[in-house]
Each structure stands twice: as structure tokens, then as C-alpha cells.
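Thank you all for coming; I would like to take a few minutes to walk through one model, beginning with a sheet and ending with a pair of helix contacts. Please have the viewer open as we go.

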Amino acid sequence: MDMPAKIEFLESAVASQQITLRLQTALAAMLFALGLTVVVLGFVHPGLILAETLKTGQTLGGTLVAVSGFIPIFFSRRDKLVALRSLLRSYQHQQVGGLSPDVKLDQYFHQYFARVSEG
Amino acid sequence: MKVSSSLTPGDQLPVLLERIERREKSARIRSVSYSLLPVALTVVLLGYTASSVRNAQKQVDALKAEASTYTTQIDTLTKNAATYKSQAQSLHGDSENYKNQVTDLQAQLAEAQKTLSEAVNLSRAVRTIDYVNAKELASRFPGSESLLLDILELRQRRIKWKLGGQSPQEGFDSPSFAMYILRQKRAPGIEPRPGESLSEASRSLYDRLPPINQPQTGDLVFYPAGYAMFYFADPREGSFVLGMTPFGLTALKSDFAKPVGYRQVQWR
């Protein structure tokens, strides 16, 4: 496989994973913000969302929502994306600089390629 | 699933990219699902709690309304109790009044019975006087004719018995009648004292006249129950006393009761 094909393949893979990562980050941020807002409103304006008698429940619920913001972060594979992007950048530098093929880079690429091929 | 090894790496790329895309989609769906699961759980729990609280609040409101009804009933009953209490107090007051009236009536009845008993006793001792021949009767008491005639004349005027009375118009009790006659006749030893009424003076009559052992005509005989009667020694029909009784001016046999004492009157 030639270098442009490798770069195109890596670019597509990185773009796809980046979308997933952005979605997860946005989800986490939304859950943090939502949970904290619910908790803060429970203290600042009791009765605005739920009745005053449910202030404790609202606080606990808000905390649970905020904590659940960690779930998409746990599921994200940021390290893998970083590694894949590093491989892509290395190939791009190699292409731009007209350097001879790096055996180590190809080895990493083939490992990734094999893993994807195996499903 | 493994990609067919017959394909060249160049041909494999679109298939692999499609696989990568599928995997990422799955990862996205999983992330969203796992993230929203606690949120949905929280919403469900809070909704259930809110519903429970709302139901409890409704029950509390219903109980409050019921309690309010009971409070109103209690207030009404309290007011009724106060009314009944006041009525009971009023009735108690009325019953006390009736009780007092009954006591007074009993006292009056006892007094009437006593008076009746005295009247019965006195009626046995009444000495009949012939008023037509009053002068003939008076002639039997030399020196005291005018006393007898004056008393009989007052009797004709039907002077009434009245406790504490001080005049013929008002009436007299027994001592005050005796004092009235003594003053009319200007008998010595009973001159009026300054500011002293006839009734007050009559109460000291027994002490102001000299005591004697045997009465003469015109002397005063004192009996129990406060009677003060003028004594007349009738040589024909026996001695009698004349004075005011609850039945008016009456002549009685001198021995109708045991005398308390005799007092001498020095007629002028």
C-alpha cells in the first residue's frame, strides 16, 4: 500500500473517531452542566423545578446527572485517537519532507490495519 | 469478521473504512445510551417521588379539610356548651330563688302556724266584754274607769296589730300600745327621752316601771312573748288583762299564761 492511500485511510479513520469523541465530550459537558444547574437551582430557587418538599431529591438527582457526565468520558478512546493521529501526522511529515519510508511507522500501521481487518 | 485475504490492500480500504464507521456509530450510540440511562433513571425516580409527594399532599389536604370540619364542629359544640352552661347557671339561680322563696314561705307558714297556735291558745282565754254596758263595767274599777273606757274606745276604732307600730292609724304591738296609753294618760316614770321613738321606749318599759308582787287594777302584767297588758281586778267575773294582741285589742283572763312580772303604774 502506498503512502497516500495509507494517509487517506488514516484521515478517514481519525475523522470518524473524532466525531465520536466530540459527541462524547459534548454529552459529558451537557450532563455536568445540567446536573449542576439542577443542584444550584434547588438552593437558589427552591420550587422552580420541583416542589420545595422535593429539594433533597432534586439535589440528589442533579448530583447523579452531573456524575453521569463521567460515563461518556470513560467510554471515550481518546488515547487511541491520539495515537492514530500521531501516526497520520508522521506519515504526512514523511510525505511532505520526501523522506524514505520508516519501518517502525509501517509496523504500527500494519498492526492497526490487522486489528481492523480482524474485526 | 475477517476481510478476505484475496483482496489487495487497496481494495480492502473501503471495506475497512466502512467497518470503522460502523464501529464508531455503535460507540456513539452506546455512549449516548449509557449516559442517558442514569438521567432517565433519575427522572423516573424523581417523577415517582413527586407523584408520591403529590398524593401525600392531597391526603394531607383532605385530612386538613376534615380536621377543619371537626374544628368547626368542636367550636359549635363549645358554643353550645357555653350556652347550656349559662342556661344551667341561670336555672341554678332560679332554683336558688325558688328555694329561698320556699324557705321564706315555710318560715311564713311556721309563723302563721305559731300565730294560729297562739290564737287558739288565746281564744280559750278570751274574756267577753259587754260593750253596751261598758260604763257599768268601768264602774267596777274606781280610779281606772277612764283607762278602761279609753281602751275600749280604741278597740271600737279597730286598731290593728303591727310590730313596731307607733300610732293608732299605723297600729301597735303590745308594749308600744301600753306605752301609748301610758303617755296619753301622762303616767309618771315613762317620760319621753330626746330622740327616742315610741317603739324604742316601749322596749324599756319593763325596766322603767317599779316592780310589784301583786298587781292592782291599772298595773301592767308582762307575759312571755312580750305581751304587756293592763290588769283589771273584776270582783264579779274574775280578773282579766286588756291590751294589744295579734288579734287586736283583746281582753284575756289574767291567768292565760304565766306572767313574767308585774309593774306598778302610778296613775295621776
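Predicted model: local features only at pLDDT ≥ 70, side-chain atom pairs only at ≥ 80, totals over all residues.

Let me begin in chain B, where strand β1(B) and strand β6 (residues 261-263) run antiparallel and are joined by 2 bridges; strands here are DSSP runs of E with at least two residues, helices are runs of H or I with at least four residues, both numbered from the N terminus, and two strands pair if DSSP finds at least two bridges between them. Within that pairing, B:Pro211 has B:Arg263 in β6(B) as its bridge partner.

Residues are numbered from 1 along each chain as its sequence is written, and chains are lettered from A and ligands numbered from 1 in the order in which they are written.

Returning to the sheet, it is an open one of 6 strands in chain B, ordered β1-β6-β2-β3-β4-β5 with antiparallel pairing. Because β1 (211-212) and β5 (248-253) of chain B stand at the edges with a single partner strand each, one side of each is left without a neighbour in the sheet. Helix α4 (residues 174-184) of chain B packs on this sheet and touches β2 (220-222), β3 (228-232) and β4 (240-245), its direction making about 110 degrees with that of β4(B); contact means that C-beta atoms, placed from the backbone, lie within 7 Å. At the β5 end, β4(B) and β5(B) pair in the antiparallel sense over 6 bridges, a hairpin joins β4(B) to β5(B) through 2 residues, and B:Val241 has B:Leu252 in β5(B) as its bridge partner.

Now to chain A, which has 5 helices and 0 strands. Of its 119 residues, 26% are buried, that is, with 20 or more other C-beta atoms within 10 Å of their own. Among contacts in chain A with a separation of 6 or more, 70% are between residues 24 or more positions apart.

How do the axes of α1(A) and α2 (residues 55-67) of chain A cross? They come within 7 Å and cross at roughly 165 degrees, axes being lines fitted to C-alpha atoms, for helices over the stretch in contact, with angles from 0 to 180 degrees between N-to-C directions. That makes α1(A) roughly antiparallel to α2(A), the label for angles over 145 degrees. Residues making this contact include A:Leu31, A:Phe32 and A:Gly35 of α1(A), and A:Gly61, A:Gly62 and A:Val65 of α2(A). By class, the contact of α1(A) with α2(A) has 8 nonpolar, 7 polar and 1 charged residues, where Ala, Val, Leu, Ile, Met, Phe, Trp, Tyr, Cys and Pro count as nonpolar, Asp, Glu, Lys and Arg as charged, and the others, Gly among them, as polar.

Helix α1 (residues 3-44) of chain A also meets helix α4 (residues 78-97) of chain A, with axes that come within 9 Å and cross at roughly 150 degrees, and α1(A) and α4(A) are therefore roughly antiparallel to each other. The residues of the contact of α1(A) with α4(A) divide into 11 nonpolar, 5 polar and 4 charged.

Finally, the contact between the chains takes 27 residues from chain B and 29 residues from chain A, and the chain B side has 15 nonpolar, 6 polar and 6 charged residues.

Terms used:
Buried ≥ 20, exposed ≤ 12 C-beta atoms within 10 Å, placed from the backbone. Contact = placed C-beta atoms within 7 Å. Parallel < 35°, antiparallel > 145°, perpendicular 65-115°, else oblique.
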